[in-house]
Amino acid sequence: THEVEVTVLEAAPQLMMAQLDQESGDMLRTTIGGMGIKVLSNAITTRIVRANGRVTHLEFKDGSSLETDMVVVSAGIRPITEIATASGLTVNKAIVCDDQMRTSDPAIFALGECVEHRGKTYGLVDPIWDMAQVLADVITDTNPDAAYLGSKLGTKLKVMGVELASMGETRSAGPADEVVVYREPKRGIYKKIVVRNDQIAGAILLGEIEAAGTLMQMFMAGSQVPARRA
């Protein structure tokens, strides 16, 4: 309606790397491409070039460029760890904490998007509530052995008419995992569940997400999946 040409720039090799596997990421790219939106993956912007007060083009790490009149930045988050590093705390991707949210200094605790727990960082609010519950129990001596074991994450989106639901581990962790896939590339439909020990370890629903509510409940509760996977 605004008569503009839109290009989506993705630094990762595919769209929505954290929520989708390679096949569904490619399918999403094809779907939005059918709407007239171009996608450039592995596109790392190094410079926004201006002339006479206006943006003229973007320069990318690989030496290529893209002419444009407008740039909209939609960026994620990065843990702020400078104070922790200066204080001598162990920092990897973020401030490293144990299951009681204790840092490498036993007198200092941390929680939220600045921490790394069991190798993972979280950029969502729900895990913070889980961390806060454990931290409160520990520092008040209500339950010194309270443990944060990680959070199960799921998301449900509807953007530009494209429906998507994703939860848990969307890629198989090994041969013991059972992966069930249904696909209709022409219609942009892709459904996948990763089953581990007869429980849902993760799932992707793209294009048709009517089953998302049921799958999310089973995933969060750790319920046993039916023998008939379909």
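Visitor: Where in the protein is the place of Ser151?

Guide: Helices (H or I, at least four residues) and strands (E, at least two) are DSSP runs, numbered from the N terminus. In these terms, Ser151 sits in the loop between helix H3 (125–139) and S8. This is a predicted model, in which local features need pLDDT of at least 70, side-chain atom pairs count only at pLDDT 80 or more, and totals for chains, interfaces and linings use all residues. Residues are numbered from 1 along each chain as its sequence is written, and side-chain values use heavy atoms, with hydrogens and water left out.

Visitor: Is Ser151 buried or exposed?

Guide: Buried means under 20% relative accessible area, exposed over 50%, and partly exposed in between (1.4 Å probe, protein chains only). Ser151 counts as buried because its relative accessible area is 13%.

Visitor: With which side chain does the side chain of Ser151 make a polar contact?

Guide: A polar contact is a pair of N or O atoms within 3.5 Å; within protein, one must be able to donate a hydrogen and the other to accept it, and residues adjacent in sequence count only if both atoms are side-chain atoms. The partner of Ser151 is the side chain of Tyr148, at 2.8 Å. A second case involves Asp21, in the loop between S1 and H1. The side chain of Asp21 is joined to that of Lys192 by a polar contact of 2.8 Å. Asp21 is classed as buried because its relative accessible area is 6%.

Visitor: What else is found in the loop between S1 and H1?

Guide: Met16 is found in that loop. With a relative accessible area of 24%, Met16 is partly exposed. Met16 can also be placed relative to Lys192: the two are 176 residues apart in sequence, and their C-alpha atoms are 16 Å apart in space.

Visitor: How many bridges join strand S1 to strand S2, and do the strands run parallel or antiparallel?

Guide: Two strands pair if DSSP finds at least two bridges between them. S1 (residues 7–10) and S2 (residues 38–41) are joined by 4 bridges and run parallel. Val8 stands opposite Val39 in S2, and Leu9 has Leu40 as its bridge partner in S2. In a regular strand the side chains alternate between the two faces of the sheet.

Visitor: What unit do S1, helix H1 and S2 make?

Guide: A crossover is right-handed if, with the strands pointing away from the viewer, the path from the first strand over the helix to the second runs clockwise. S1, H1 (residues 22–33) and S2 make a β-α-β unit of this right-handed kind.

Visitor: How many bridges join S3 to S4?

Guide: S3 and S4 share 6 bridges and run antiparallel. Val49 has His57 as its bridge partner in S4. His57 in turn has Glu67 as its bridge partner in S5. S4 and S5 (residues 65–67) are joined by 3 bridges, again antiparallel.

Visitor: Which residue takes a positive phi in the hairpin of S3 and S4?

Guide: In that hairpin, with 2 residues between the strands, the residue is Asn52, with phi near 55°. Asn52 is not a glycine. Its loop lies between strand S3 (45–51) and strand S4 (54–60). Asn52 is exposed, with a relative accessible area of 82%. The hairpin of S4 and S5 has 4 residues between the strands, and there Gly63 takes a positive phi near 95°. Met101, also not a glycine, has a positive phi of about 65°. Met101 is found in the loop between strand S6 (95–97) and strand S7 (115–117), and is buried, with a relative accessible area of 0%.

Visitor: Which residues form a nonpolar patch on the surface?

Guide: Patches are made of residues with over 30% relative accessible area and no salt bridge: like charges are joined within 9 Å, nonpolar side chains (Val, Leu, Ile, Met, Phe, Trp, Tyr) within 5 Å. A salt bridge is a side-chain nitrogen of Lys or Arg within 4 Å of a carboxyl oxygen of Asp or Glu. Here, Met35, Leu157, Val159 and Met160 form the patch, with about 350 Å² of accessible area together (Shrake-Rupley method, 1.4 Å probe; for residues, only the protein chains shown count as cover). Leu157 is found in strand S8 (residues 154–159), and is partly exposed at 33% relative accessibility.

Visitor: How many helices and strands are there in the protein?

Guide: The protein has 4 helices and 12 strands. Its C-alpha trace spans about 60 × 55 × 35 Å along the principal axes, and buried residues make up 31% of the 230 residues.
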